[in-house]
Amino acid sequence: MTNVAPFPPLEIPETLAAGPGPGNTDARVLASFANAGLADHMQADVLRGMIECKEMLRAVWGTQNTYTYGVGGTGFSGLDCLFSAILPGDTVVAFVNGTFSGIDGLTIRMKAASREDLRANPMDPRPANVTIVTVPHGQSVSAEVIDRALAEAKPKWAFMAHWETGSGRINDLQGFSAACARHGVLGLVDAVSSLGIEDFSIDNYPGVAGWASCPQKGVLCLPLTYAPVSFTDRYIDEVRANGCHTYVHHPILEARHWGIVDGQDVAAGSYHRTHSGYAVAAFHEALRILLQHGRAEKARDYAHHERALRDAVTAMGCEVTSNMTSLVVLNLPPALAGREKELVQACRARGFGIWPTLSEPVQVRVGILNQLSQAAITEIVTRFAAALNEMGAGLDLDEVTQGLERHYREPMAAE
Ligand SMILES: *Cc1c(COP(=O)(O)O)cnc(C)c1O
C-alpha cells in the first residue's frame with residue numbers, strides 16, 4: 001500500500017461560468033444548501049420539501065403529469081431514467097445534431113441492444129433496431145426530416161433533443177410531437193438545456209411521452225442535485241406492462257420517494273434510496289426563484305440579453321451559428337480561425353469559463369446562464385474582446401462597449 005500524505009484543503013476559486021452550464025448558482029440556492037440542518041432522508045421536512053418540489057416542478061414543466069419529479073444526479077441521470085423504458089430489441093429512431101444528442105443516441109443504442117449486439121461492440125453497440133438520423137452540426141432537426149424518418153421506420157420510440165447544447169441549435173419540438181402522434185410513436189425528449197429558459201408547457205406536446213432535464217442549466221440548482229423528469233400515463237403504462245432493467249432509475253419506483261404511488265399523489269414519500277436534505281433544500285430554493293421570476297418573463301430576459309451578446313460578438317467579426325437564447329456558439333474572425341482552443345484555455349486560466357464545442361467542428365461557446373443584466377453581459381463581452389485582442393484581433397474596446405450601451409439604450413430598435 002502506498003502512503004498518501006494528507007493534501008492541503010481543496011480550495012476552488014470563484015469563476016465566471018460563461019459556458020453552456022453549469023450556470024453561476026444563485027446565492028440563495030447556495031445558502032439553502034449550506035443552511036440545511038443535519039437531517040435524514042425520511043425526516044418530515046425533507047419529505048415535505050420533496051412534495052413541494054414535485055408540485056413546483058409540475059408548474060415549471062407546465063404539466064398535469066403525476067409522474068413528475070427529480071432524479072438524483074446530473075442531466076444524464078434523468079436521461080437514463082427516461083431511456084430505461086427502452087428494452088432490448090425495441091425499435092427506435094433517434095435524431096442527432098450535436099454532442100449531447102449523440103450521447104443520448106449512444107445510451108439508446110445500449111438500451112435497445114441485444115446481448116449479441118453488445119458483445120459485438122461493447123462500448124458502442126450498433127443494434128439494427130435503432131436508426132440514428134444524423135443532422136449536420138449547426139443545423140436544427142426539422143419537421144420534414146422527422147416526419148420522413150418516422151413514416152419510413154414506424155418505430156416504437158423516437159428521440160430528439162429540444163435544445164442541442166453542443167451546437168446551440170433549437171430543434172422543432174412541435175414538428176416532433178406532431179409526427180410522433182401521427183405515426184403512433186412514443187416520443188422522448190432531452191429538455192436539459194431548454195427547461196427554465198424557454199417558456200413552454202409540455203402538456204401542449206401530446207406526441208411526447210417522456211421528458212428529462214438537468215439541475216444546473218435553466219433550473220440553476222447545483223449540479224448533482226436533481227434532474228427533473230416528467231412522464232405521461234401512457235409512458236408509465238408501458239413500464240408497468242413491460243418492466244425495465246434498473247432499480248435506481250426505475251421511472252415508477254423512483255417516484256415513490258416523491259410521494260407518487262400507483263399513479264396517485266400520497267401525503268409523504270417512502271424510501272427508495274438515500275436522498276439528501278441539502279440537495280432537497282437547494283432544489284426547492286432554485287424552483288422558488290424560477291417561479292418567482294416567472295417562466296415567460298425569464299424567457300424574455302434571456303432573449304433580450306442573448307441578442308445583446310450576439311450583436312456584440314458579431315460586431316467583433318465573429319460568426320454566430322446558434323439560435324438558443326442561453327448560449328452563443330460562434331466561429332472566430334477568419335484571421336483567428338484554428339485558434340479556438342488556445343483562446344478558450346487562455347480565458348479559462350483567468351477564471352473566465354467559456355467553452356469550445358466538444359465535437360467537430362471546433363467552435364467557441366459563450367453562455368449567459370444567470371447573467372441577466374447589462375452589467376453581467378458587459379463583463380462577458382469585455383473579457384471576451386480583451387482575450388481576442390491578446391491574440392492580435394486589434395479591436396477597439398471603447399467601440400465594443402459603446403456598441404453594447406447603444407444596444408441596451410435602444411432595445412426596440414435592436415430587436
Ligand atoms: C448538458 C446536457 C446534457 C448532460 O447533462 P449533465 O448534467 O452533464 O449530465 C445532456 N443533454 C443536453 C442537451 C445538455 O445540454
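Me: What should I know about the model before we start?
Reply: It is predicted, so local features need pLDDT of at least 70 and side-chain atom pairs count only at pLDDT 80 or more, while totals for chains, interfaces and linings use all residues. Residues are numbered from 1 along each chain as its sequence is written, and side-chain values use heavy atoms, with hydrogens and water left out.

Me: Is strand β7 buried or exposed?
Reply: Five of the five residues in β7 (residues 186-190) are buried, meaning under 20% relative accessible area with a 1.4 Å probe and protein chains only. Strands are DSSP E runs of at least two residues and helices are H or I runs of at least four, numbered from the N terminus.

Me: Which residues point which way from β7?
Reply: Leu186, Leu188 and Asp190 point one way, and Gly187 and Val189 the other. In a regular strand, side chains alternate between the two faces of the sheet.

Me: Now the helices: how do α3 and α4 pack?
Reply: Helix α3 (residues 75-83) and helix α4 (residues 99-112) pack at about 40 degrees, with axes 10 Å apart. Axes are lines fitted to C-alpha atoms over the stretch in contact, and angles run from 0 to 180 degrees between N-to-C directions.

Me: Which residues of α3 meet α4?
Reply: Phe76, Leu79, Asp80 and Phe83 do, where contact means heavy atoms within 4.5 Å.

Notes
Buried means under 20% relative accessible area, exposed over 50%, partly exposed in between (1.4 Å probe, protein chains only).
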